[in-house]
Amino acid sequence: MSDPSRSTAPRLARRALRSGSLLVGGLIVAGLLVAALFAPWLAPYAPTRIFPGAEIRPPGSAFLLGTDEVGRDILSRVLHGARVSLGVAIPSVALAVVGGTTVGVSLGYWGGAPDLLAMRLFDILFAFPPILLAIALVAALGPSTVNLVLTIAVLTLPQFAVLARGATLALKPQDFVQAARALGASHARILGLHILPNLAATLAVQASLSLSIVILVEAALSFLGLGTQPPAPSWGGMLSRGRQYMTIAPWLVLAPGLAIMLAVLGFNLLGDAQRDLLDPRRAGARGRSA
Amino acid sequence: MATYVGKRLLLLIPTLLGVSVVAFLLIHLIPGDLVTILLGITAGQNEQTRQALIHALHLDRPLAVQYLLWLGDVLRGDLGHSLVSGFSVRDELARSYPVTLQLALMAMAIALAVGIPLGIFAATRAGRALDASTRVFSLLFISAPAFFIGTVVIIAGARYAPWLPTLGHVSFTESPARSLLTMLPAAASLGLAISAIIARFTRSSMLEVLGQDFVRTARAKGVADGVVVYKHTLRNALIPVVAMAGTQFVYLIGGAVIIEEVFALPGMGRLVVNAIYQRDYTMIQGAVLLLTSAAVLVNLAVDLLYHVIDRRILYA
């Protein structure tokens with residue numbers, strides 16, 4: 001299973017270098033990670049520091065992106081916002097990947113009644129508009145970062161489960177899995193050595209795309225006041241409070257809004273690029289057209 | 001066909017029951033003693049109101065019995081009363097639902113009207129400037145949250161077109177033309193995000209069909225370019241687009257909830273958000289149940305429509 005991929009590695013690398021999406025997406029995501037990790041050192045001021053008398057300043061030399069309605073530096077808040085946004089998105093997607101893959105691979109591998117039952121359950125969960133279910137769950141549990149992460153993880157998990165299950169079902173009858181089984185390999189060995197490595201790429205694509213969706217969901221919940229609570233600088237919350245002043249001071253909403261857009265765009269591009277690299281047919285179609 | 005429709009309709013029952021279980025359990029997820037929490041919102045804490053509430057919500061019965069009693073009420077059209085105002089949840093929902101429905105339908109119409117032509121242009125001019133700019137447009141709008149697009153629309157509207165009504169609401173029954181006009185900015189904000197997805201999908205679907213043998217045959221025997229694109233290709237390419245647009249409806253309903261907050265529309269979103277601030281749990285429950293059931297039914301309708309359009313699909 002690893003041999004064919006090794007022989008295509010140079011071709012993959014060449015395609016990767018040519019892919020504009022990968023470059024732009026990668027740069028944006030790298031920038032986000034840097035902002036999230038080093039916000040306290042990169043930001044000119046503390047995100048909650050109030051400059052009395054400097055409320056609603058337009059972008060200028062002292063405050064590069066201006067100040068908000070209580071006199072806080074918007075650039076510092078947007079940079080720290082990356083920390084808030086990724087601080088929710090990365091743990092919840094990580095939980096969803098681990099949980100979803102475990103559930104999906106087990107269902108696909110062993111099948112039977114639990115499989116049928118779980119698939120019906122997922123169908124029901126997919127019927128809910130995700131943002132509505134997230135709103136309702138967070139409203140019931142109470143807004144806190146932990147509840148936010150858990151809710152989003154639970155809502156994202158079925159996508160990974162369904163994906164992993166389908167891929168496992170496709171891998172199971174293949175010769176190399178059957179051969180391993182005939183040779184007496186244990187279930188754990190087959191799952192860990194033959195199934196999971198072949199799932200990793202597909203799951204990585206979905207993880208990138210899920211991150212972009214989860215960033216949107218976190219922003220939407222914070223926008224409604226159900227996400228990360230103030231004074232933490234969440235992009236959605238900043239945008240929501242800035243709306244009061246948006247006609248006289250549009251930078252109050254433009255800065256966090258563009259930050260959300262950039263973050264979502266970055267993970268979207270990265271996911272698209274990964275998918276193209278994995279599926280030459282798609283990349284070929286684009287190559288013909290681009 | 002008939003058996004397929006029958007099967008899909010039968011599957012509707014467990015799905016809707018599942019949705020009702022989730023909506024029912026929602027209230028029981030609230031940490032702490034339910035009666036105290038619910039009473040904390042309403043007037044008194046005395047024993048009489050406490051017992052009345054326990055009785056009204058059947059809280060003195062086992063959970064499964066509670067669910068069945070609640071489901072019986074729901075099926076009779078009784079969704080309980082608001083914990084805050086005491087008004088019937090059903091009446092409140094009936095008042096706000098048409099607003100959200102109108103918003104979602106308008107947004108979908110805009111999304112299809114913008115997305116499909118854009119996708120066709122991009123596919124027929126694949127590789128040229130228009131294709132590239134369509135791709136950039138799609139990516140930007142897919143990445144922008146609808147509440148941000150909406151906010152920008154309001155700012156731009158106030159600055160460059162102050163005569164345009166961006167806030168407020170006129171009901172459709174009162175004045176259809178004015179109602180459509182006042183809701184246009186909100187519907188456009190929501191629709192543009194989805195039009196980007198539809199444009200991308202239409203493009204790739206068109207490209208796929210354009211590469212097929214029967215299209216090459218049609219071209220080879222001298223069929224005019226326009227006929228090939230619109231008659232041979234588009235009809236086939238639109239089938240998956242219809243199915244995809246249907247799945248977007250679920251997201252559209254969720255998006256409508258948030259965009260209503262931006263444009264101050266008195267729909268389900270406003271109702272849900274206010275209910276959350278006031279901890280009006282019966283209202284939240286009713287709204288979740290109604291919106292999700294609507295999404296399930298739309299999905300079913302799209303699925304059936306898909307099978308009517310594409311007769312090649314086996315009704316397995």
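Guide: B:Pro266 is partly exposed in this predicted model, because 15 other C-beta atoms lie within 10 Å, a count between the limits of 12 or fewer for exposed and 20 or more for buried. The residue sits in the loop between H10 and H11 of chain B. Leaving aside residues up to four places away in sequence, B:Pro266 touches B:Ser96, B:Val99 and B:His169. From B:Pro266 to B:Asn299 there are 33 residues along the chain, and their C-alpha atoms are separated by 25 Å.

B:Gly267 is found in that loop between H10 and H11 of chain B as well. B:Gly267 is buried, because 26 other C-beta atoms lie within 10 Å. With residues up to four places away again not counted, B:Gly267 touches B:Ser96, B:Val99, B:Thr100, B:Leu103, B:Ala256 and B:Glu260. For B:Ala256, the separation from B:Gly267 is 11 residues in sequence and 8.7 Å in space, C-alpha to C-alpha.

H10(B) and H11(B) meet at an angle of about 80 degrees, and their axes are 7 Å apart. H10(B) is therefore roughly perpendicular to H11(B). On the H10(B) side the residues are B:Ala256, B:Val257, B:Ile258, B:Glu260 and B:Glu261, and they meet B:Met268, B:Gly269, B:Arg270, B:Val272 and B:Val273 in H11(B). By class, this contact has six nonpolar, one polar and three charged residues.

The axes of H5(B), residues 89–124, and H6(B) come within 7 Å and cross at roughly 135 degrees. That angle makes H5(B) oblique to H6(B). The crossing in which H5(B) passes H6(B) is left-handed. Here B:Leu118, B:Phe121 and B:Ala122 in H5(B) meet B:Leu130, B:Asp131 and B:Thr134 in H6(B). The residues of this contact divide into four nonpolar, one polar and one charged.

Chain B puts 38 residues into it and chain A 35 residues. On the side of chain B that touches chain A, the elements giving two or more residues are H1, H6, H7, H10, H11 and H12 of chain B. H10(B) gives the most to that side, with seven residues. By class, the side of chain B that touches chain A has 29 nonpolar, seven polar and two charged residues.

H7(B) has 15 residues and reaches 20 Å from its first C-alpha to its last, close to the 21 Å expected at 1.5 Å a residue. Its buried residues are B:Ala146, B:Phe147, B:Phe148, B:Ile149, B:Gly150, B:Thr151, B:Val153 and B:Ile154. In chain A, the buried residues of H7(B) pack against H8 (187–223), H9 (235–242) and H10, and in chain B against H8 (176–210) and H10.

H10(A), one of those partners, runs over residues 251–278. At 1.5 Å a residue, its 28 residues should span 40 Å, and this agrees with the end C-alpha atoms, which are 40 Å apart. H10(A) is mostly covered, with 24 of its 28 residues buried.

Chain B has 12 helices and zero strands, and its C-alpha trace spans about 85 × 55 × 35 Å along its principal axes. Of the 316 residues in chain B, buried residues make up 37%. Among contacts in chain B with a separation of 6 or more, 74% are between residues 24 or more positions apart. Chain A comes to 11 helices and zero strands. In chain A, 47% of the 290 residues count as buried. Residues 24 or more positions apart account for 71% of the chain A contacts with a separation of 6 or more.

Methods
Residues are numbered from 1 along each chain as its sequence is written. Chains are lettered from A and ligands numbered from 1 in the order in which they are written. This is a predicted model: local features need pLDDT of at least 70, side-chain atom pairs count only at pLDDT 80 or more; totals for chains, interfaces and linings use all residues. Two residues are in contact if their C-beta atoms, placed from the backbone, lie within 7 Å. Helices (H or I, at least four residues) and strands (E, at least two) are DSSP runs, numbered from the N terminus. Ala, Val, Leu, Ile, Met, Phe, Trp, Tyr, Cys and Pro count as nonpolar, Asp, Glu, Lys and Arg as charged, and the others, Gly among them, as polar. Axes are lines fitted to C-alpha atoms, for helices over the stretch in contact, and angles run from 0 to 180 degrees between N-to-C directions. Angles under 35 degrees count as roughly parallel, over 145 as roughly antiparallel, 65 to 115 as roughly perpendicular and the rest as oblique. A crossing is left-handed if the near helix is turned anticlockwise from the far one by less than a right angle, and right-handed if clockwise. The expected span of a helix is 1.5 Å times one less than its number of residues.
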